[in-house]
Amino acid sequence: MAAEKVLKNLENLIGTEFDEDEIICAFEDFEEEGETEVIVKESENYGYDAVAYINSENSTQFLFKISDGIIKDVFIA
């Protein structure tokens, strides 16, 4: 599975409540550097509200804009 497929799955969640379990499920069988553990957490940076990624050194980061608990946008860093 490619990162673009994960992004498409995550884009399907736009307009829904931000739910960590739903985000993790959207990753399906995506792996990077042999790792599959998905990390979802609040952002520590300005410009996006949450981030999801595979727990590996050079992982692709999926960034979320959230308003009132609803996913407004998602993009790849």
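This report covers the overall fold of one chain and the surroundings of two of its residues.

## Basis

The model is predicted: local features need pLDDT of at least 70, side-chain atom pairs count only at pLDDT 80 or more, and totals for chains, interfaces and linings use all residues. Residues are numbered from 1 along each chain as its sequence is written, and side-chain values use heavy atoms, with hydrogens and water left out.

## Fold and dimensions

The chain has two helices and four strands. Their order along the sequence is α-α-β-β-β-β. The radius of gyration is 11 Å, close to the 11 Å from the globule rule for 77 residues, so the chain is as compact as a globular protein of that length. Helices (H or I, at least four residues) and strands (E, at least two) are DSSP runs, numbered from the N terminus. The radius is taken over C-alpha atoms, and the rule is 2.2 Å times the number of residues to the power 0.38.

The C-alpha trace spans about 35 × 25 × 20 Å along its principal axes. Of the contacts (heavy atoms within 4.5 Å) with a separation of 6 or more, 39% join residues 24 or more positions apart.

## Surface and charge

Buried residues make up 36% of the 77 residues. Buried means under 20% relative accessible area, exposed over 50%, and partly exposed in between (1.4 Å probe, protein chains only). The accessible surface comes to about 4,800 Å². Carbon and sulfur atoms hold 41% of that surface. Areas come from the Shrake-Rupley method with a 1.4 Å probe; for residues, only the protein chains shown count as cover.

The chain carries 5 positive and 20 negative charges, and their mean positions lie 9 Å apart. Lys and Arg count as positive, Asp and Glu as negative; His and the chain ends are not counted. Charges are placed at NZ of Lys, CZ of Arg, CG of Asp or CD of Glu.

## Threonine 60

Threonine 60 sits in the loop between strand 2 (50-54) and strand 3 (61-67). It is buried, with a relative accessible area of 18%. Its side chain makes a polar contact of 2.7 Å with the side chain of glutamate 32. Such a contact is a pair of N or O atoms within 3.5 Å; within protein, one must be able to donate a hydrogen and the other to accept it, and residues adjacent in sequence count only if both atoms are side-chain atoms.

Leaving aside residues up to four places away in sequence, threonine 60 touches Ala3, Glu32, Ala52, Tyr53, Ile54 and Ile76.

## Asparagine 9

Asparagine 9 lies in helix 1 (residues 3-11). It is buried at 12% relative accessibility. Its side chain reaches the backbone oxygen of alanine 26 at 2.8 Å. A polar contact of 3.2 Å links it to the side chain of glutamate 28.
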